[in-house]
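Trainee: Can you walk me through this model? I'd like to go feature by feature.

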Amino acid sequence: MTLDLRIKIGDVELEHPVIAPAGELFRDGYLIKKYSKLGMSAITTKTITTHPLPVPHPCFADLKYCFLNNIAGSTHTADFWFDKHLKIAKEGQVKIIASIAGVDPDDAVSLATRAEKAGADIIEIPTYTPSISEILEAIGATFSPPEFTNVEPFIKILKAVKESVSVPVIVKLSAVFNPETKLWAKSVEDAGADGIVISDSFGPVLAIDINTGQPLLGGPRGYATMTGKALKPLALRMVFEAAQVIKIPIIGVGGITNWKDAVEYILAGAKGVGVYTEAHLRGLGIYRKILDGIKKYMEEKGYKSIDDFSGLTLKKVQERKEKNQNRTFIPGIL
């Protein structure tokens, strides 16, 4: 059986659904080019800002059940990326997603247009990185987190970027917005986003060294963001909720450690999946393993394309309602 694993974001076609989200593994063009041979269909750059932010050290903590970090974006300048390293990344074997974060619409437009000119296939705009306030406080600045229900400041940035570039623009929704997933997903779709990534990390969070009493990570208070296994149930539910209200493609991200996790996201309504923490901790061979697992699953189930099972769980939940099985349900009977 011939499998069609392709997914589309705007007018950009990805060879298959497994992508690499932004992270330290992809901190420059040389590494992106090097790792592009390892089984992902697209790689996202570290988040690029006009003025790079410092990284409090220590910046990582593996707690086994989850992973903590307090890196908000690239430590390199926009010139570093747009004058040289995005072009080097383009020499690899995958599509390049440029993650950019502007402080206002004009700043975001400047970054996005330069990214497109440098060769980015897709532009990604993150909504909010929970560790940003810790980093800014470390350098004497202040930052007020966005309001959960106020989408307007971000929508202004999104619309400005959409009007300034011709490549697809996707939004990466932070897990801190999980109480308002439908609001944010529908708002960014209505504002013209070509896709949505769900989700970015959750936080701020804290871990403490019981021997010293010190926070495990650097910064004024040691606050960080959480990714890895513990994030999956939250992000999976966010994908499921977003899929109920939007038609643009969803990339499910958070706690994927194997192909079964990836399949769950697709069943919940995602078209693609993003894997980072597992690759950071266990090695980049995970990308091909997950892709191979998805292929085998599709062959065993008789699915020819991602569309054949994307969102299947939404249909099953509707069947529960129609069959009056909401109150008593035995897994496996549907």
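Trainee: How many cavities of 30 Å³ or more does a search of the whole structure find?

Mentor: The search finds 1 cavity of that size. Before going on, note that this is a predicted model, where local features need pLDDT of at least 70, side-chain atom pairs count only at pLDDT 80 or more, and totals for chains, interfaces and linings use all residues. Residues are numbered from 1 along each chain as its sequence is written, and side-chain values use heavy atoms, with hydrogens and water left out.

Trainee: What counts as a cavity, and what as a pocket?

Mentor: Both come from a 1 Å grid over the protein atoms alone: a cavity is a set of points where a 1.4 Å probe fits but cannot get out, and a pocket is an open set with protein on both sides within 12 Å along at least five of seven lines. Lining residues have an atom within 4 Å of a point. Grid points are joined across faces, edges and corners, and a volume is the space filled by probe spheres set on the points.

Trainee: What volume does the largest cavity have, and which residues lie nearest its centre?

Mentor: The volume is about 580 Å³. Its lining has 41 residues, and A22, N69, D200, T227 and Y276 lie nearest the centre.

Trainee: Which element gives the most to that lining?

Mentor: α9 does, with 5 residues. At least two residues each come from β5, β6, β8, β12 (224-227) and α9 (277-282). Helices (H or I, at least four residues) and strands (E, at least two) are DSSP runs, numbered from the N terminus.

Trainee: How does the lining of the largest cavity split by class?

Mentor: There are 14 nonpolar, 17 polar and 10 charged residues. Ala, Val, Leu, Ile, Met, Phe, Trp, Tyr, Cys and Pro count as nonpolar, Asp, Glu, Lys and Arg as charged, and the others, Gly among them, as polar.

Trainee: And the largest pocket, how much space lies in it?

Mentor: About 900 Å³. Of the 33 residues in its lining, A101, G102, V103, T127 and F143 lie nearest the centre. α3 (105-118), β8 (122-126), α4 (132-138) and α5 (152-164) are the elements that give two or more residues to this lining, and α5 gives the most, with 3. By class the pocket lining has 19 nonpolar, 11 polar and 3 charged residues.

Trainee: Switching to strands. What order do the 8 strands of the barrel follow?

Mentor: The barrel closes in the order β3-β4-β7-β8-β9-β10-β13-β14, with parallel pairing. Two strands pair if DSSP finds at least two bridges between them. From one strand to the next the twist averages 25°, with axes as lines fitted to C-alpha atoms (for helices over the stretch in contact) and angles running from 0 to 180 degrees between N-to-C directions.

Trainee: How many bridges join β4 to β7?

Mentor: 3, and the two strands run parallel. A42 has K95 as its bridge partner in β7.

Trainee: What about the open sheet, which order does it have?

Mentor: That sheet has 4 strands, ordered β5-β6-β12-β11, and the pairing is antiparallel. β5 (60-62) and β11 (202-205) are at the edges with a single partner strand each, so one side of each is left without a neighbour in the sheet. β5 is joined to β6 (residues 67-69) by 3 bridges, and F60 has N69 as its bridge partner in β6.

Trainee: Where does K64 lie, and what is its phi?

Mentor: K64 is in the loop between β5 and β6. Its phi is positive, about 75°, although K64 is not a glycine.

Trainee: Last topic, how many salt bridges does the count come to?

Mentor: 17, taking a side-chain nitrogen of Lys or Arg within 4 Å of a carboxyl oxygen of Asp or Glu. One of them is between K33 and E91, at 2.8 Å from N to O. That pair links distant parts of the chain, 58 residues apart: K33 is in helix α1 (residues 29-35), and E91 is in the loop between α2 (78-89) and β7 (95-99).
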